[in-house]
Amino acid sequence: MTDHPPPDGRAGIDATLVKRLIADQFPQWRDLPVTPVQVDGWDNRTYRLGEEMTVRLPTAAGYAPAVDKEHRWLPVLAPSLPVAVPEPLAKGAPGAGYPFEWSVRRWLEGETAFAGRIDDLPAFAVSVAEFILALQSADATDGPRAGAHSFHRGASPAHYDDETRRALAALDCRVDTARATAVWDAALGATRQGRPVWFHGDIAGGNLLVREGRLTAVIDFGTSGVGDPACDLVIAWTMFAGESRHAFRAAVRQDPATWARARGWALWKALIVLARVIDTDGAQAADQLRVIDEILTDRDA
């Protein structure tokens, strides 16, 4: 977390560009101030537009398909969900040298979730589980099937088998690769049964908004789609532990095969990040090592 917004201009996007796009395409808002949000994401840059709106711009071509997907499906999903989700207000076109579609949404109040902001973490875990179950219950007819647009969240973790095994080889003798390989193999062997359902794709603290320690909104549906919801359980090891993990597991009511695939998803991400930073970023490496340890030592898994 940071007390100040990140430096403006990442990925060639800055407030001046956003102001020009707004003035050119939505002149009714041209006089509103444009300021970077305090906590920015990676896939997109987000700016506050006045007091009641945000502008969200993909930082690369791979993230651009999410604009149309979220504009189409967030209004469909919102009535089925127990907390707020982003409300699309307008969709912008490429312009002013910026090559992708972009979006204007209504501002959502709240702070990103982390343990220090939440007094009752088990209760919070239950509220996250309730959101996941509500999302799974939403009508998935004609919804976007998992694939490249979701970075293969919602599909089989086998898509990342080569990448995971390269990370395991790179981390040999630095993590328990024998146990990690067993977890990964179990994930690949736990085939999905049942109908495809909606998944979010990135249930993580940065995409969960809280007020007074309670979940009030879920943001960033860029990796959402229809398929296998196992990827939405990764928070069990990245944010929850002990009593809060038990509460989440009981409330989210998923079968053992789904949990096996979820462990695989969590392990894949932690391994590839760790392999990249283990010799260059001690703080991030320590966080990924913690997650891997939680995954490998989880007695309920």
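At what angle do helix α3 and helix α7 pack, and how far apart are their axes? Helix α3 (residues 121–137) and helix α7 (residues 242–252) pack at an angle of about 25 degrees, and their axes are 8 Å apart.

## Basis of the model

This is a predicted model, in which local features need pLDDT of at least 70 and side-chain atom pairs count only at pLDDT 80 or more, while totals for chains, interfaces and linings use all residues. Residues are numbered from 1 along each chain as its sequence is written, and side-chain values use heavy atoms, with hydrogens and water left out.

Helices (H or I, at least four residues) and strands (E, at least two) are DSSP runs, numbered from the N terminus. Axes are lines fitted to C-alpha atoms, for helices over the stretch in contact, and angles run from 0 to 180 degrees between N-to-C directions.

## Helices α3 and α7

Angles under 35 degrees count as roughly parallel, over 145 as roughly antiparallel, 65 to 115 as roughly perpendicular and the rest as oblique. α3 and α7 are therefore roughly parallel to each other. The crossing of α3 past α7 is right-handed; a crossing is left-handed if the near helix is turned anticlockwise from the far one by less than a right angle, and right-handed if clockwise.

On the α3 side, the residues that meet α7 are Leu121, Pro122, Ala125, Val126, Val128, Ala129, Ile132 and Leu133. On the α7 side they are Glu243, Ser244, Ala247, Phe248, Ala251 and Val252. By class, this contact of α3 with α7 has 12 nonpolar, 1 polar and 1 charged residues. Here Ala, Val, Leu, Ile, Met, Phe, Trp, Tyr, Cys and Pro count as nonpolar, Asp, Glu, Lys and Arg as charged, and the others, Gly among them, as polar.

## Nonpolar cores

A nonpolar core is a set of buried Ala, Val, Leu, Ile, Met, Phe, Trp, Tyr and Cys residues joined through side-chain atoms within 4.5 Å. Buried means under 20% relative accessible area, exposed over 50%, and partly exposed in between (1.4 Å probe, protein chains only). The largest nonpolar core has 65 residues, and those with the most contacts inside it are Phe124, Val128, Phe131, Leu208, Phe240, Phe248 and Leu267. Helix α8 (residues 256–277) gives the largest share of this core, 12 residues. A second, separate core has 20 residues, including Ala15, Leu21, Ala90 and Trp102.

Contact means heavy atoms within 4.5 Å. Leaving aside neighbours within four places in sequence, valine 128 is in contact with Ile203, Leu208, Leu215, Phe240 and Phe248. In helix α1 (residues 15–25), the residues Ala15, Leu17, Val18, Leu21, Ile22 and Ala23 are buried. The cover over the buried residues of α1 includes β1 (34–36), β2 (44–49), β3 (53–58) and β5 (102–106).

## Helix α5 and its partners

The axes of helix α5 (residues 177–189) and helix α9 (residues 282–297) come within 10 Å and cross at roughly 65 degrees. That makes α5 roughly perpendicular to α9. The crossing is left-handed. Arg179, Ala180 and Val183 in α5 meet Ile295, Leu296 and Thr297 in α9, and the residues of this contact divide into 4 nonpolar, 1 polar and 1 charged.

The axes of α5 and α8 come within 7 Å and cross at roughly 130 degrees. That makes α5 oblique to α8. α5 passes α8 in a left-handed crossing. Ala180, Val183, Trp184, Ala186 and Ala187 in α5 meet α8 residues Ala260, Arg261, Arg263, Gly264, Leu267 and Trp268. By class, the contact of α5 with α8 has 8 nonpolar, 1 polar and 2 charged residues.

## Single residues

Alanine 217 is found in strand β9 (residues 214–218). With a relative accessible area of 1%, alanine 217 is buried. Apart from neighbours within four places in sequence, its contacts are with Val83, Ala84, Leu108, Asn207, Leu208 and Leu209. Proline 65 lies in helix α2 (residues 65–77) and, at 41% relative accessibility, counts as partly exposed.

Aspartate 142 is in the loop between α3 and α4 (161–170), and phenylalanine 151 is in the loop between α3 and α4. Phi of aspartate 142 is near 65 degrees, a positive value in a residue other than glycine; phi of phenylalanine 151 is near 55 degrees, also positive in a residue other than glycine. Aspartate 142 is exposed, with a relative accessible area of 69%, while phenylalanine 151, at 26%, counts as partly exposed.
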